[in-house]
Amino acid sequence: MTVLLWILGILAVPTLIFALWLGGVFVKEFFTQMSGTGGDDDGDGGAAAAEQLGLLPAERQSTKSAGPLPAGWEAALDTVRGGDRDAWKTAAELLRGIGRDWKHRSMATTLLAEIAAEDDGWLLAWEADGPGGPDDPDTALVRARSTVSLAWNVRGGNRATHTTGEQFAGFHRLLQRSREEIARAAALNPEDPTPYVTEIWTALGLGYPHSEMDKLWSELTARDPYHYEAHFAALQYWCKKWRGSEQLAMEFAERAAATAPLGSLLTALPLIAHFEHDESDDSATDRTPEMIARVNAGLADAAAADPTHPRLPELRHLLAYYLALQDRDEAAVEQFRLVDGYVNALPWRYRGTKMAARYCRIRNLAALAVTSATEGQSAEAGAS
């Protein structure tokens with residue numbers, strides 16, 4: 001009988017271990033969901049709270065941009081996208097109207113170039129029929145930027161281990177060609193920083209040595225020292241995943257944020273550098289006094305910025321995200337309100353087709369916290 005009990009006891013050990021493991025998984029999953037670090041489903045409560053606050057559901061979030069485009073841009077881009085041979089006239093008028101507003105010029109050039117990277121018939125017509133021909137500074141700029149966009153399209157968004165040799169060959173060939181086109185665009189409009197902004201993406205892809213990147217950066221900042229897109233692109237270059245390290249990226253970000261005037265939005269850079277290198281699943285890394293100070297600096301920067309700054313929504317998305325992680329829910333919802341309806345920005349962008357779901361999940365948790373607190377206060381007031 002004793003031997004039988006020993007045998008039964010031995011056989012029961014694996015079952016007990018499995019039961020304990022399964023229980024541990026259940027408990028971990030439960031607390032993961034409660035702490036807001038699980039999947040993209042926030043439950044009905046968060047969605048209802050967001051709706052109560054007038055926020056939009058996931059299916060009504062645009063994945064095309066971080067915020068609304070300037071007045072008239074959507075119609076102009078749709079015309080260009082239509083592929084009509086004379087569509088170049090609309091593109092030329094858009095850039096002519098922007099003039100020397102470098103931050104808007106850079107953004108518009110990128111949007112036009114992305115269209116040309118898919119179908120450049122209208123750009124070929126512009127080069128052939130435009131008053132300045134291929135020597136027009138705007139035409140040359142869009143051509144250079146479209147070659148860079150095409151190169152990155154050829155490479156694709158996968159990690160190097162999942163990118164084919166053929167893709168890399170096409171990527172590098174196009175980026176090498178872009179160097180000549182960028183130099184030509186810069187020579188045609190020497191005061192414009194936009195060709196140099198474009199070249200940062202070439203530098204990142206081809207792996208310019210740090211000394212060459214420093215020379216490029218000097219040329220760019222001599223023309224526009226606080227250009228947001230330039231700083232965003234350069235920060236990507238200095239990140240560990242590309243041509244730098246976490247230390248180099250953070251040093252670049254902190255230095256830029258410390259020297260830039262309020263309203264330049266460059267306080268976003270330390271937040272981006274943190275996001276790009278944060279591999280922890282513990283939100284405690286987002287709640288440190290240092291991170292709280294960075295978010296506070298971002299709030300002051302956003303408040304001082306020109307409301308028409310084309311990159312302001314990008315900072316607001318970051319602020320909303322980190323405010324939510326820091327349980328500063330009312331402030332988070334305030335930022336979410338200002339960008340709601342658009343989700344193509346960090347920190348959601350890396351989720352690809354799920355960026356709207358990720359955005360809504362974090363936003364809804366903040367909304368639920370705000371509505372719950374409000375209801376609690378109302379209940380207390382009624383009881384008194």
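Reader: Which residues form one aromatic cluster here?

Author: One aromatic cluster is formed by Phe275, Tyr321, Tyr322, Phe336, Trp348, Tyr350 and Tyr359. This is a predicted model, in which local features need pLDDT of at least 70 and side-chain atom pairs count only at pLDDT 80 or more, while totals for chains, interfaces and linings use all residues. Residues are numbered from 1 along each chain as its sequence is written, and side-chain values use heavy atoms, with hydrogens and water left out.

Reader: How many aromatic pairs does a search of the whole structure find?

Author: The search finds 14 aromatic pairs. Rings of Phe, Tyr and Trp (for Trp, its six-membered ring) pair if their centres lie within 6.5 Å, and planes under 30 degrees apart count as stacked, over 60 as edge-to-face and the rest as tilted. The pair of Trp152 and Trp242 is edge-to-face, because the ring centres are 5.5 Å apart and the planes stand at 80 degrees.

Reader: And where do Trp152 and Trp242 sit in the chain?

Author: Trp152 is in helix H7 (residues 137-155) and Trp242 is in the loop between helix H11 (228-238) and helix H12 (246-259), 90 residues apart, and the pair links these distant parts of the chain. Helices are DSSP runs (H or I, at least four residues), numbered from the N terminus. Trp242 counts as partly exposed, at 27% relative accessibility; buried means under 20% relative accessible area, exposed over 50%, and partly exposed in between, with a 1.4 Å probe and protein chains only.

Reader: Switching to charges, how many salt bridges are there?

Author: The count comes to 20 salt bridges, each being a side-chain nitrogen of Lys or Arg within 4 Å of a carboxyl oxygen of Asp or Glu. Side chains of opposite charge can pair when their charged atoms come close.

Reader: What does Arg100 pair with?

Author: Arg100 forms a salt bridge with Glu191, with the closest N and O atoms 2.4 Å apart. Arg100 lies in the loop between H4 and helix H5 (102-118) and Glu191 in the loop between helix H8 (165-188) and helix H9 (194-206), so the pair ties together parts that are 91 residues apart in sequence. Arg100 counts as exposed at 54% relative accessibility, whereas Glu191 counts as partly exposed at 49%.

Reader: And which residue does Arg184 meet?

Author: Arg184 forms a salt bridge with Asp135, where the closest N and O atoms are 2.8 Å apart. This pair links distant parts of the chain, with Arg184 in helix H8 and Asp135 in the loop between H6 and H7, 49 residues apart. There is also a network of salt bridges that links Arg105, Asp138 and Asp192.

Reader: Now H14: which residues are buried there?

Author: In H14 the buried residues are Met291, Arg294, Val295, Gly298, Asp301 and Ala302. They cover an arc of only 120 degrees around the axis, which puts them on the same side of H14; the arc is that of the directions from the helix axis to the C-beta atoms. On the other side of H14, Pro289 and Ala303 are exposed.

Reader: What do the buried residues of H14 pack against?

Author: They pack against H12, helix H13 (268-277) and helix H15 (312-325), where contact means heavy atoms within 4.5 Å.

Reader: Last topic, how many disulfides does the structure hold?

Author: The structure holds 0 disulfides, a disulfide being a pair of cysteine sulfur atoms within 2.5 Å. Cys239 counts as buried at 1% relative accessibility, and Cys360 is buried with a relative accessible area of 5%.

Notes
Helix = DSSP H or I, 4+ residues; strand = E, 2+ residues; numbered from the N terminus.
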